[in-house]
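Subject: Structure handover

Hello,

Here is the structure for you to look through. My notes on it follow below.

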Amino acid sequence: MTAPREPLIPHDTSPFTLPADTAARVAAYGRQAAAPAPTDVPVLEARDISKYFGRVIALEHVSLSVRPGEVNCLLGDNGAGKSTLIKTLSGVHPPDDGTLLMDGEPIRLQSPRDALDRGIATVYQDLAVLPLMSVSRNFFVGSEPTTGWGPFRRFDVTRAGRIASEQMLEIGITVRDPSQLVGTLSGGERQTLAIARAEYFGARVLILDEPTSALGVKEAAIVLRHVIRARAKGLGVIFITHNVQHALPVGDRFTILAHGRLAGEFVRGEVGQDELLRLMGGGEELADLARELETLMGADVETIERAAEAAPTGSEGAGPADGEPAQRAVDGR
Amino acid sequence: MTAATGTAPSRLRAESPLRRLASRPEFGALMGALLVFLIFSLLGYGGGYLRWGGIAGYLQIAAQIGIIGAAVTLLMIAGEFDLSVGSMIGAAGMFLAMLLAVANLPPWLAVILTFAFALSVGALNGWLVMKTALPSFIVTLATQFILRGGTIALTRALTGLTIVNVPAEAQQDPALRIFTANLVTLDNGVARFNVEILWWIAVVVIASWVLYRTRFGNWIFAVGGSSQAARYVGVPVRRVKILLFMTTAGAAALYACIVTSLVGSANVTTGTGQEFVAIVTAVLGGTLLTGGYGSVVGSALGAFVLGATNLGIFYAGINTDWYLVVLGALLLGAALVNASVLRRASGAR
């Protein structure tokens, strides 16, 4: 990473690896679309949730809440229970213990469809869209507009196509026509489509499961911009990630899970990247890994240098440039 | 949101209509059908391939194959297989014949009961697949054996035979005539176009309409693309799949009614191998074995290819033993074409 490492947001004193211009744009976008003041009643709240799979404790006494116009970043390493928690929030698994509340009222989610009907929309990393279906079919799958009567009630293809085109235009994705397969869109565009779909169908809570994990930096920026946009529209956003650098610029609140339990809860400005990483249980491991890799790299350089001395006929021009022999030697393997 | 805020412009070229056609699932089947028809028109011209007798012949074969093919295509788009359709044909045919010959039921009631029987077996197939979460390939392979074996054992136990004749008066009853009626006869009785061609067209039109123009059709694509993703957006996956297993069984019953009424008897082995012919039809028509993509019109073209080839070999004066060789080669070619069409449609190079 050669991007200038300058703090993006005043409270963020840690290095940030999105290119600075992209990151600044993301932040600027958030400010420009001034979010409505968050109210105090969470639109969705999980209170003291526990979930067990046989003898495995997937979640124990976990609480999490999100207010309208707020982004709550749910952070945690693989296996921390993030997926189980969002599946509980989106009606896939009923919790074994604890309550879900919407606008302060206890609710019981029967199915993913039930959650959707209440305005809780979840966008899954791999399952956000169906690549072999067209943009408009994807946009409306499960909520198809119909026209006609009785046995002739049919999927209103024209209306679906028109609305899908309008929505794509609004989120800045150029589609040739709405019958284009979603497989032709990039990873970021697919996630964005799913977010736009949730907004269109009146979601009040948007749960995003690792939407940026499989994406490159630019693609991730597209998705982050839409996270902020959804917040500006007054949606409560639960943004699941294990990438602290994606969470910091968009999060108003950070909830950290480790080993199925709450490991910390912070509001924006209280915490930096290093602290978050440490709480996720990755801090020490990462430091260890860095030390181990350094040792390995040193050893490799020596081996390679010895090999180079033994065979002095190696071409001079392609040799390591001054100052960064270790880097080159490793890259060239 | 404008381009200035940084969304990379979508780099898509405008497409020519031909290129668009070429990225449709039916494209390979259309080319294949034209090619096969052209080849056998040349080779079999002298033998009468293009005369009414020939045309009626391969349309009849295509109609029978195509009725099953259309239903199996819907199921395959939904990501499932039904290997029991062949046995279902035999079972439904025998069920009908026994109701008529042994139970002496009025034909209209026998036909209704035959469909009810097939639909319940289809529902059972679907229920088993959803309940056990086993691959439908295995579940329907099992029901294939059970159905065939049950048909043979029960028929022999009840009648002592493996072929049951349909009473002549029942054959003339309107309830069975709707499956066999002659539409038009040309060339002094050589070329008989029967009503089964209309049944085929009706099945294809309805299945296509359902697939492309109804919510249910959108759900078929969705559950085939990913049943979990479909479930998460609120698609009733179980209902969709069970209904499609009922559809394939219903198509098998229709085929059985046509063949049994036409031949005037039911044989316990009728329909053997039709489950694979149906899959070939679907694949020739551009349907993916992995689900989520395909076309009913394509399957109709696929059925036409099979019919045109089957009789084409005969009219060309080639030993018909070679039919299966050609069929295998066509299948391989179609699978390759499908893979490339899919790459084009999903934008990969």
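This is a predicted model: local features need pLDDT of at least 70, side-chain atom pairs count only at pLDDT 80 or more; totals for chains, interfaces and linings use all residues.

The expected span of a helix is 1.5 Å times one less than its number of residues.

Helix α6 of chain A

Helix α6(A) covers residues 187–200, which is 14 residues. From first C-alpha to last it reaches 20 Å, close to the 20 Å expected at 1.5 Å a residue. The helix is mostly covered, with 11 of its 14 residues buried. Among the buried residues are Gly188(A), Glu189(A), Arg190(A), Leu193(A), Ile195(A) and Arg197(A).

What do the buried residues of α6(A) pack against? They pack against β6 (120–123), α4 (135–140), α5 (157–170), β9 (205–209) and α7 (217–232) of chain A. After the helix comes Gly202(A), whose phi is positive, near 75 degrees.

Chain A has 11 helices and 12 strands. Six strands of chain A form an open sheet in the order β6-β9-β10-β3-β11-β12, with mixed pairing. Its edge strands are β6 and β12 (261–267) of chain A, each of which pairs on one side only. From one strand to the next, the twist averages 15 degrees.

Within this sheet, β6(A) and β9(A) run parallel and are joined by four bridges. Val123(A) has Leu208(A) as its bridge partner in β9(A). Helix α6(A) lies across β6 and β9 of chain A and runs at about 175 degrees to β6(A). Helix α7(A) also packs on the sheet, where it touches β3, β9 and β10 of chain A. The direction of α7(A) makes about 155 degrees with that of β10(A).

Strand β3 of chain A

Why is strand β3(A), residues 70–75, described as largely enclosed by the rest of the structure? Because six of its six residues are buried, where buried requires 20 or more other C-beta atoms within 10 Å of a residue's own. Glu70(A), Asn72(A) and Leu74(A) point one way from the strand, Val71(A), Cys73(A) and Leu75(A) point the other way, and all are buried.

β3(A) pairs with β10(A), residues 236–241, in the parallel sense over six bridges. In that pairing, Phe239(A) of β10(A) is the bridge partner of Cys73(A). β3(A) also runs parallel to β11(A), residues 253–258, with four bridges joining them. There, Leu75(A) has Ile256(A) as its bridge partner.

The loop between β11 and β12

Gly260(A) lies in the loop between β11 and β12 of chain A. Is this glycine buried or exposed? Gly260(A) is buried, with 23 other C-beta atoms within 10 Å. Leaving aside neighbours within four places in sequence, Gly260(A) is in contact with Ile57(A), Ala58(A), Leu59(A), Glu60(A) and Gly81(A). Gly260(A) and Glu70(A) are 190 residues apart in sequence and 24 Å apart in space, C-alpha to C-alpha.

The four-stranded sheet

Chain A also holds an open sheet of four strands, in the order β2-β1-β4-β5, with antiparallel pairing. β2 (56–66) and β5 (105–107) of chain A stand at the edges with a single partner strand each, so one side of each is left without a neighbour in the sheet. Neighbouring strands of this sheet are turned by 30 degrees against each other on average, direction ignored.

β4(A), residues 97–102, pairs with β5(A) in the antiparallel sense over three bridges. Glu105(A) in β5(A) is the bridge partner of Met102(A). Helix α2(A), residues 82–89, lies across β1 (44–53), β2 and β4 of chain A and runs at about 120 degrees to β1(A).

Chain A overall

Of the 333 residues of chain A, 42% count as buried. Among contacts in chain A with a separation of 6 or more, residues 24 or more positions apart account for 67%.

A helix pair in chain B

In chain B, the axes of helix α9(B), residues 196–213, and helix α10(B), residues 215–225, come within 5 Å and cross at roughly 75 degrees. That makes α9(B) roughly perpendicular to α10(B). The contact is made by Val210(B), Leu211(B), Tyr212(B) and Arg213(B) of α9(B) and by Phe216(B), Gly217(B) and Ile220(B) of α10(B). By class, this contact of α9(B) with α10(B) has five nonpolar, one polar and one charged residues.

Regards

How values were computed. Residues are numbered from 1 along each chain as its sequence is written. Chains are lettered from A and ligands numbered from 1 in the order in which they are written. Helices (H or I, at least four residues) and strands (E, at least two) are DSSP runs, numbered from the N terminus. A residue is buried if 20 or more other C-beta atoms lie within 10 Å of its own, exposed if 12 or fewer, and partly exposed in between; C-beta atoms are placed from the backbone. Two residues are in contact if their C-beta atoms, placed from the backbone, lie within 7 Å. Two strands pair if DSSP finds at least two bridges between them. Axes are lines fitted to C-alpha atoms, for helices over the stretch in contact, and angles run from 0 to 180 degrees between N-to-C directions. Angles under 35 degrees count as roughly parallel, over 145 as roughly antiparallel, 65 to 115 as roughly perpendicular and the rest as oblique. Ala, Val, Leu, Ile, Met, Phe, Trp, Tyr, Cys and Pro count as nonpolar, Asp, Glu, Lys and Arg as charged, and the others, Gly among them, as polar.
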